[in-house]
Amino acid sequence: MSPRTGRLTGIAAGALVAGLLPAAGSAAEEGAVSVSAGYVCAGADGAAVDVPVEFTGSFPASVRSGEAIRPGDLTMAATLGGGLLDGLPAEDGATVGGTASAAMSVAQGRESADYPWAGATAEPVQVSADGTATVPFSGGMSSATAGGAGDVVFTLGPLTLELQGTPPAPGDTSSPPADPASPADDPAAQADPVGPGATTLTCTLADGQDGTLATVAVPGESGTPGGGDGGADDGGAGQGTPGATGERPGGAGADADAAPGDEPAETGDVTPCPPGQPPTAELDPDRLIEPPPGTTTLTLPGVYTCTAAAGVVNSRKLNGALIANDPHAPTLDSVRVLLNKQMIISPGNFYNGTRNVAEFTLPDSEATFLTFGFMPVTGKVEFTNEPMTIVTEQGSSIDTNETTAGFYQALRIYDVKVNGVPLDVGGECRTSAPLDVVLKGKYPEYRVFTGGTLRSLVTVPPFTGCGTGGEDLDALFTSALSGPGNYVELKQSPLCTMPCTPAVPELPAHG
């Protein structure tokens, strides 16, 4: 089978499958990880600047073979100076924030795979008088699953920092007073405040730097590690070569055969998001939440990421349900997400948020209902989706993180059978208007980076165009399906950074 499935099967004895793979089994006990690393970043003038970086997070000390390694969120604090912030606002009260990504890798024995960490964000911090700032970036990490015994080693790689600087807000008391010697009629003194600046830093590990972030032991059946000389207790590097790069997540060993005794896959494959084709849609202004006063909105290029979602839609009238993007189908459609199209930041970190855009399709679904309580009806449903606008809001604590994802979706019904007898509804039996779907999720059950559960109640509009040969079936479908209070629940897998294949999401329990 292909290793792009959402449930692990061994590719070969001791092989590694890395990526966003949800797996069965209890979560292993997590231990704290704290690593100091030296990086070299290119400044605005091209000069190399040493940057100390502190990584903190949590990894399980050990897992069983076939059990997912699920790290906690990772925080990376980079101390930036030496001219790296040149070009950004530097006056007293100026702040700097932004996003970060790291091209990490994960290895077990001779097998390795890319392990990108992306979508990490930094709440704005104040720039000191000497032009330096320690900027803490934080974000979720994807899972990795080992197909056999042996230490699994996570290794740091190059960093990319997208920094945005913001001058002090008007009236900020931390700003220095105007120079009395400056002429009051100086046009420059009366100009509008400088807008937010931006810069991109690319950084690599310093020569001779040990890039090991964490080592997770995977014992053999006897209970002893089946490979790697360095166990999790002493932070050894194991047999993985630091910095080695293999196949991308979900793509390692794509041509390898399954090991003897593997069970058949229980889920299908997610269709990878196409490289170089990020969403081009604009944010829906009607779905944007007005940020509090005193915040600054930054418009950014965005980061192209990929995910998948599976869901159930319960019909209130018929007490039935259909599955959208069934994880057990042979293939599942993916969701293309342009992350951080806008960022909202504030002095004092009292508020931050993101505005993201997603584009996606859903495969047709089949539903079975007991119409009016006694007549079995089956039909196929085609979904037509408009782009999704995803808005996150967070106060000074992660506990306040909330997400609202809104889009419009039209439904078409076809291939209808009543008690097994075909009912010709024609090719244009559809809702008279799109459904207005507004999904909501809140930490810890949901975060955009790590996925989770989103919920909504939707109203199904009346149907139109149903029937052929002069027979009007609009009223039949409207009375059976249309109306408010229809429950929608989606499970989203974690985001991965292109190129990648996202995990297969779990089906909501209500399905």
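Student: Is Phe-407 buried or exposed?

Tutor: Burial is read from relative accessible area: under 20% is buried, over 50% is exposed, and values in between are partly exposed, using a 1.4 Å probe and protein chains only. Phe-407 has 5% relative accessibility, so Phe-407 counts as buried. The model is predicted: local features need pLDDT of at least 70, side-chain atom pairs count only at pLDDT 80 or more, and totals for chains, interfaces and linings use all residues. Residues are numbered from 1 along each chain as its sequence is written, and side-chain values use heavy atoms, with hydrogens and water left out.

Student: How many aromatic pairs does the whole structure hold?

Tutor: Rings of Phe, Tyr and Trp (its six-membered ring) pair if their centres lie within 6.5 Å; planes under 30 degrees apart are stacked, over 60 edge-to-face, and the rest tilted. The search of the whole structure finds 4 aromatic pairs. In one of them, Phe-360 and Phe-407 have ring centres 5.2 Å apart and planes at 80 degrees, so this pair is edge-to-face.

Student: Where in the chain do Phe-360 and Phe-407 lie?

Tutor: Helices (H or I, at least four residues) and strands (E, at least two) are DSSP runs, numbered from the N terminus. Phe-360 belongs to strand β21 (residues 352-360) and Phe-407 to strand β25 (residues 402-418), so named under that numbering. The two are 47 residues apart, and the pair links distant parts of the chain. Phe-360 is buried, with a relative accessible area of 13%.

Student: Why is the pair of Phe-463 and Phe-477 called tilted?

Tutor: Their planes stand at 45 degrees, with ring centres 6.3 Å apart, so the pair is tilted. Phe-463 is in strand β31 (residues 463-464) and Phe-477 is in helix α1 (residues 474-481), 14 residues apart. Phe-463 counts as buried at 6% relative accessibility, and Phe-477 does at 7%.

Student: Which charged end sits over the ring of Tyr-408?

Tutor: A charge sits over a ring if NZ of Lys or CZ of Arg is within 6 Å of the ring centre and within 35 degrees of the ring normal. Here the charged end belongs to Arg-287, 4.4 Å from the centre of the Tyr-408 ring.

Student: How many helices and strands does the protein chain have?

Tutor: The protein chain has 1 helix and 33 strands. Of its 511 residues, 49% are buried.

Student: How do I read the pairing of a strand such as β8?

Tutor: Two strands pair if DSSP finds at least two bridges between them. Strand β5 (residues 74-80) pairs with β8 in the antiparallel sense over 7 bridges, and Thr-79 has Thr-134 in β8 as its bridge partner. Strand β7 (residues 111-126) also runs antiparallel to β8, joined by 2 bridges; Ser-138 in β8 stands opposite Thr-121. β7 and β8 form a hairpin with 6 residues between them, and Gly-131 in the turn has a positive phi of about 80 degrees.

Student: Which residues form the covered face of β8?

Tutor: In β8 (residues 133-139), the covered face holds Ala-133, Val-135, Phe-137 and Gly-139. Thr-134, Pro-136 and Ser-138 make up the uncovered face.

Student: Where is a positive phi found in a residue other than glycine?

Tutor: Most residues other than glycine have a negative phi, and most peptide bonds are trans. Asp-415 has a positive phi near 50 degrees; Asp-415 lies in strand β25 and is partly exposed at 38% relative accessible area. Asn-325 has a positive phi of about 60 degrees and sits in the loop between β18 (320-324) and β19 (331-332). At 2% relative accessibility, Asn-325 counts as buried.

Student: Which peptide bond near Pro-444 is cis?

Tutor: The bond from Tyr-443 to Pro-444 is cis, with omega near 5 degrees. Pro-444 lies in the loop between β28 (435-442) and β29 (446-447). The bond from Met-498 to Pro-499 is cis as well, with omega near 0 degrees, and Pro-499 is in the segment after β33 (496-497).

Student: What does Gln-277 contact beyond its sequence neighbours?

Tutor: Contact means heavy atoms within 4.5 Å. Leaving aside neighbours within four places in sequence, Gln-277 is in contact with Tyr-304 and Arg-336. Gln-277 and Tyr-304 are 27 residues apart in sequence and 8.3 Å apart in space, C-alpha to C-alpha.
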